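Good morning, and thank you for the time.

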Amino acid sequence: MIFFLKKVAFSYYTKRGGSRFGIKSTKMTLKTREYIVQLIVRQVQGILDDEGQRELLEWRESSPENEVLFQRMTSRVHFEESLKVCEMTNEDMENEWKLIRGKTIGSFRLVLKRLLPYAAILVVALLVGGIWVLGERDSLLPDDSLVAKAHRVKKIEPQAILVMGDGTTINLKDSVSLAALVSMKMALSADEDVLTYTKGSVDTVIEYHTMKIPRGGEYVLVLSDGTTVYLNAESELMYPVKFRGNDRRVFLKGEAYFDVKRDTSKPFIVEANSLDVRVLGTEFGVRAYQDETCIRTTLKKGKVSVENKGSGIVLTPGMQASFDKETSKMDVQEVNVNLFLAWKDGRLVFDNCSLENILKDLGKWYDFDVRYEREDARLIPFSLNIKKHDAFAEVLHLLEDTGCVEFDIEDNIVIVK
């Protein structure tokens, strides 16, 4: 649904005289204007990379008019106006539907075919400005409203259980236990957000620890070699307290993002099920939940080798390897890495994903279960890009605003009507 957002932004840009504004206030070509609009769209979505941030900042600072234009284009008023004036043609809506149908659900019944183009488009527009709308609504809502109920579901927060080599378990939200790890010189530092192991000398005996992240949790771990691991909800990582031997091997269940410290003499290996991801120093994500048939390795920087039983492939940045655990088949494709790795930076990003898959992931992060009273609702596709840590109430309310689905909450169960 990025098409709609670009259309809204570009129409506003042109309407407000954007053709007059360029770097150093020179007249911009059509290509340049479209590029600036793309940067602003990505900024609003929260997926603009460092290079794009630099370019956009340079453009904003090049003239006062550019900064004014940027503020107007990202304002609440702009999006409210845009929803009124940027109506899609029948041809546009049909093209959008074909894109959704091709990527997500194939064929679907006629009534939803007529509704879903509006639904998917509207939810993106609302999510861009939704935090403003809900900020005003919350204080006026009764205690039994959907948003009020959603706020009772716990937010994502740093939490983890550490299992020591002897089986002892430590709740990493316990400050006394954290202090004990440091006093034993096992950890360089420890708090409820990050546990950092000491480098020290190499032990003759390998001791393994296991970090367990419950539903609704997340945690950051810095291994003894300096590698940083971001662990997602409902995940486990087993690793040696200190690495020894010819490699650095860890064992993953669930999802993690690795920023590996480079060491050409000792490759870093992530073992997930029967799959080995082998690197020297790079940044990548691995998703290997036990209840999912596919293991996905997504590369952001550097190179990794994804191997199964001696055979494998090498990934370059922007590529993803999907390994089918049932057939042992490996597929490789180029992807938008933000769709798969944005969770590490505190965002939830879905592109034309079914409601069932969206709620499944949200359930891991916010620790709730789902019950469907409408089976056809499982396949409704949406595109979301929202903040991870305070978005649950917003998501449900905004999805309801599309008119395609309704929710209720009982205890810790989200009911889809």
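Let me begin with a question: the side chains of which two residues meet in a salt bridge at 3.9 Å, N to O? They are arginine 215 and aspartate 369. Arginine 215 sits in the loop between β6 (208–213) and β7 (217–222), and aspartate 369 in strand β20 (residues 369–372), so this pair ties together parts that lie 154 residues apart in sequence. By salt bridge I mean a side-chain nitrogen of Lys or Arg within 4 Å of a carboxyl oxygen of Asp or Glu.

Before going further, a word on the basis of these values. This is a predicted model, in which local features need pLDDT of at least 70 and side-chain atom pairs count only at pLDDT 80 or more, while totals for chains, interfaces and linings use all residues. Residues are numbered from 1 along each chain as its sequence is written, and side-chain values use heavy atoms, with hydrogens and water left out. Helices (H or I, at least four residues) and strands (E, at least two) are DSSP runs, numbered from the N terminus.

As to accessibility, buried means under 20% relative accessible area, exposed over 50%, and partly exposed in between, with a 1.4 Å probe and protein chains only. Arginine 215, at 22%, is therefore partly exposed, and aspartate 369, at 48%, is likewise partly exposed.

A second pair is aspartate 276 with arginine 249, whose side chains form a salt bridge at 3.5 Å, N to O. Aspartate 276 belongs to strand β12 (residues 275–279) and arginine 249 to strand β10 (residues 248–259), so the pair ties together parts 27 residues apart in sequence. Here aspartate 276 is buried, at 16% relative accessibility, whereas arginine 249 is partly exposed, at 22%. Returning to arginine 215, salt bridges that share partners join Arg215, Glu234, Asp367 and Asp369 into one network.

Glutamate 51 and arginine 54 are both in helix α3 (residues 50–61), three residues apart, about one turn of the helix. Their side chains meet in a salt bridge at 2.5 Å, N to O. In total, the structure holds 20 salt bridges.

Is glutamine 320 buried or partly exposed? Glutamine 320 is buried, at 0% relative accessibility. Its contacts (heavy atoms within 4.5 Å), leaving aside neighbours within four places in sequence, include Arg296, Leu315, Val332 and Phe340.
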